[in-house]
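Take a slow look at the chain below.

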Amino acid sequence: LLQSSEGQQRLSVKIPPGIADGARIRLRGKGQPSPVGGESGDLYITVHVQPHAWFRREGLDILLDLPLTPAEAALGAKVEVPTLSGKATLTIPPGTSSGARLRLRGLGVKDPKTGQQGDQYVVARIVMPRKLDEESQRLIREFDRRNPADPRKELGW
């Protein structure tokens, strides 16, 4: 609803798919009349995109955090994930670390001006169980003994 000196006017505005937050849309001749010539100026609308519950946007790319069990991350798995256009099956490679980005090519946002297509990145987030029984703890200690590693070794702390 546009409020002007002539009253209210309802406008219908087409928002192009893939428009970025903060982008402006110009409506020619829908602004205030010029004090000199009487012709109406342009009206600019600033677009504010609401955040999504699962997806975040970086440029044309879409990011999705994917919770994984330690077993899925260590051994690999096939997991169904949501995309902007439905669901996709993603292969989690064995040995995936938390924070790893797995790409789904061409499933990001399409630039409305250039037609360039972004990708979707699925970010691995390993979720540990809150409580482990004694046998599980023993197995993890055995795993650690058999697979010694120091993930902080190269940091130089």
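**From the surface to the core**

The accessible surface of the protein chain is about 12,000 Å², and carbon and sulfur atoms hold 51% of it. Such areas come from the Shrake-Rupley method with a 1.4 Å probe, and for residues only the protein chains shown count as cover. This is a predicted model, where local features need pLDDT of at least 70 and side-chain atom pairs count only at pLDDT 80 or more, while totals for chains, interfaces and linings use all residues. Residues are numbered from 1 along each chain as its sequence is written, and side-chain values use heavy atoms, with hydrogens and water left out.

Now the overall form. Along its principal axes, the C-alpha trace of the protein chain spans about 85 × 35 × 30 Å. The radius of gyration is 25 Å, whereas a compact globule of 157 residues would have one near 15 Å. That radius is taken over C-alpha atoms, and the globule rule is 2.2 Å times the number of residues to the power 0.38.

Next, the secondary structure. The protein chain has two helices and ten strands. Their order along the sequence is β-β-β-β-β-β-α-β-β-β-β-α. Helices (H or I, at least four residues) and strands (E, at least two) are DSSP runs, numbered from the N terminus.

How much of the chain is buried? Buried residues make up 21% of the 157 residues. Buried means under 20% relative accessible area, exposed means over 50%, and partly exposed lies in between (1.4 Å probe, protein chains only). Contacts tell another part of the story. Among contacts in the protein chain with a separation of 6 or more, 43% join residues 24 or more positions apart. Contact means heavy atoms within 4.5 Å.

Charge comes next. The protein chain carries 24 positive and 18 negative side chains, and the centres of the two sets lie 4 Å apart. Lys and Arg count as positive and Asp and Glu as negative, while His and the chain ends are not counted. Each charge is placed at NZ of Lys, CZ of Arg, CG of Asp or CD of Glu.

Go inside now. The largest nonpolar core has 16 residues, and L66, L68, V79, V81, L90, I92 and V122 touch the most other members. Two or more residues of this core come from each of β6 (61-68), β7 (77-83), β8 (86-92), β9 (101-104) and β10 (120-126). Strand β6 gives the most, with four residues. A nonpolar core is a set of buried Ala, Val, Leu, Ile, Met, Phe, Trp, Tyr and Cys residues joined through side-chain atoms within 4.5 Å.

Start with V81. Not counting residues up to four places away in sequence, V81 touches L64, L66, G86, K87, A88, L90, L104 and V122. G86 is partly exposed, because its relative accessible area is 31%.

Move to V123 in strand β10. V123 counts as buried because its relative accessibility is 3%. Leaving out residues up to four places away in sequence, its contacts are R56, L63, L64, D65, L66, G99, A100 and R101.

T96 sits in the loop between β8 and β9. Is T96 buried or exposed? At 9% relative accessibility, T96 counts as buried. Beyond residues up to four places away in sequence, T96 touches A73, A124 and I126. T96 and S40 are 56 residues apart in sequence and 59 Å apart in space, C-alpha to C-alpha.

End with P17, in the loop between β2 (7-9) and β3 (24-27). P17 is exposed, because its relative accessible area is 67%. Leaving aside neighbours within four places in sequence, P17 is in contact with K110 and P112. The C-alpha atoms of P17 and T96 are separated by 33 Å.
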